[in-house]
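Subject: Structure handover

Hello,

Here is the structure you asked about. My notes on the pockets and on one helix pair follow below it.

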Amino acid sequence: MTMDVDATDVPLLEAKTEEQLLQQVIAIKNRVIGNKRQKMSLINQGIVHQLLSILNDEEQTDSVRIHSVIVLGSLSKGPDEHVFSILSSGAIETLIRGLGYANTKYVELCLCCLRSLVQSPVCPKDFIYSDPATVPHLLSLVDISITAQTCVATILAECCQKVEQQNYLHSRRTVEILYPGLLYSGILKTEHAILQLYTRLSYQNRIVSTQMLTATINGVDLKRSILRHLGRDRPLSTRLLAAKCLVNMYRSESLVSSDPCITLRVLPTLVTLCKADRSINERLEGAEMIAYLTELDVDLQKQASITDHCIPVLATYLKVKTTPVGSPVKDFQQNRLRRACLSAFASLSANDEEIRKRIIETDNIMDEISRGLSSQSDELQLAALRCLHSLSRSVQQLRTIFQDHAVWKPLMSILRREECEELMSVASSTLCNLLLEFSPSKEQILDLGAMELLVSLTFSSRTSLRLNAVWGLMNMMFQADQKVKGQLITKLGSDQLFCLLRDPIPDIVMKTLGLLRNLLSPKRDIDDIMRQSGEQVIQAVVMILESDHTAEIKEQTLCILGNVADGDSSKDYIMNNDDILKKVLDYMQHTSVKLQTAALICVNNLIWSTDSGHQERRHKLQSIGVCKIIEQLEHSKDKALADSAKTTLCQFEGAEAK
């Protein structure tokens, strides 16, 4: 921050005696407390350097130190630019040193000042880890006073943002040391600070969360204590923090979704927070926690959707115009409310069709999603995308409501921007659903250039985008016109096809094989596709069958070969290739039933009695021992495989009779 006036313009250093200095510091303290203009003026004149000089002076009296750190603490509660100026002057180091003084009042004030600084977003959050003695010393100060305990908990919570920090703080017995304050202090600020710390410690850390639950004082374990803070006799702000802590423990797999503390205590508390009579911030946190809690569990999604009218309550977020006290809701607050609502709807509707139907029936929900997709806010866009993605899993909604709303237009715009990776990932995943065969928007999406876009995404270095791109192309090619299939083969090219089949991610290989299967069906298209790319298809099949891929991937590959065998002229690609025939025989004798079945289907298609040339193919297959293998498969313990073998033998016998 630029200093407008030199530091010496502040008359502190003109004091002749300690008493004069004390009086000057007290006068400045009286000027700055509660006066933003005075704070800014004094900071611009260099007061921070002079205060730190006093605090660093070993010969200063306790009184001067105490009043000086009070001034610094008051300045620390200002806007971020003030905090940045204080931090740039080296305040953290001075305050950390101050924690080692004998005067407990001074130590407490240093803690208060540190707390104010660390709560600013411009303050670094790793300074307590620079010296291995800092955290143990902070924890040793919790018994000085309730204020000290509150400050220590707040500082540790703000500085707990990474897994290694969680693990380190837990290893220093942070949970156990602060637990008495949660259990016995009865002071709201202290309880909140400790619950906030526990929430940070348990976030996405299963080991720490699990061990936290074992903390016990006088027979009261931590889980019971947190549940006490969920009681209806507690302020809603306390209940929110307790609920967040338990949600994090559940998401860290330390609690199960069926635990009554989640279904009967946490969920109702979160829905209560969403009610219209709550503050904007409480409503935001309530909805965000519902979204996080229910994101992965179907049973929790169902339970939440019927808890205290949850869906209608969340829907009111889209219509909020005033706060509970009647003041207008600001634009940024409205956007946050919309984002929280759409995020919660995305989680709730992720799996259950009935929930999707209830959300779709919310007034103007598709219009809200469309507006969210076109928002300038990445966070709101992401929430709208996730909601759209969940709703697009519904076959019924794809066939009806999605036909009336052109949500694919902003979706395509997001994908073309190639900015936020998470936005691109969810958008491309949603596009996959909109390209399903029964989706009425499929043709319109194709007209907007979806094929070219998805082909370009197959070259992405991001795994999720490559996977979704291939998945989308696979859906696009299902029952597609021959012309569209030919366009894709040309645009994708054989080189990129082989790159995708060599991809180190098995799911991408599987979806690429699924794409090939869709290209090679139905029967009327097989010969045309093989005439265009037959050699490449066979090379791909050989490459996969000779690899060490899983049985699932090889089964898909054999199914492609089965599709080729179902063509007319395409059968020659197999019959004229002794290597392919040998591989089919080998997989008929494989230990995996699914691979045996897939290979048997290929043989069955080759000798189908209504296809031209079936007798010649039968004779060749008999000559290499296919019939003997099929006769062995007739006695398989797997009934489906045995039945398939009998059907194939009937084809041989039928062909021979003719």
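The lining of the second largest pocket divides by class into five nonpolar, six polar and five charged residues. This is a predicted model, and the pocket's volume comes to about 490 Å³. It is lined by 16 residues, of which T199, R200, Y203, N248 and Y292 lie closest to its centre. Two or more lining residues come from each of α10 (163-171), α12 (188-202), α15 (236-251) and α17. Of these, α17 contributes the most, with four residues.

Helix α17 (280-294) also supplies at least two residues to the lining of the largest pocket, as do α20 (331-348), α23 (378-391) and α26 (421-434). Here the largest share is that of α23, at six residues. The largest pocket holds about 700 Å³ of space. Its lining counts 25 residues, with E295, S343, L382, R386 and E422 the closest to the centre. By class, that lining has nine nonpolar, eight polar and eight charged residues.

The helix pair is α7 (residues 104-118) and α9 (residues 146-158), whose axes come within 9 Å and cross at roughly 30 degrees. Angles under 35 degrees count as roughly parallel, so α7 and α9 are roughly parallel to each other. The crossing of α7 past α9 is left-handed. On the α7 side the contact is made by E108, L111, C112, L114, R115 and V118; on the α9 side, by T147, A148, T150, C151, V152, T154, I155 and E158. Eight of the residues in this contact are nonpolar, three polar and three charged.

Regards

How values were computed: Residues numbered from 1 in each chain as written. Predicted model: local features only at pLDDT ≥ 70, side-chain atom pairs only at ≥ 80, totals over all residues. Heavy atoms only, no water. Axes fitted to C-alpha atoms, helices over the stretch in contact; angles between N-to-C directions. Parallel < 35°, antiparallel > 145°, perpendicular 65-115°, else oblique. Left-handed = near helix turned anticlockwise from the far one by under 90°. Contact = heavy atoms within 4.5 Å. Nonpolar A, V, L, I, M, F, W, Y, C, P; charged D, E, K, R; others polar. 1 Å grid on protein atoms, 1.4 Å probe; cavity = no way out; pocket = protein on both sides within 12 Å on 5 of 7 lines; lining within 4 Å. Points joined across faces, edges and corners; volume = space filled by probe spheres on them.
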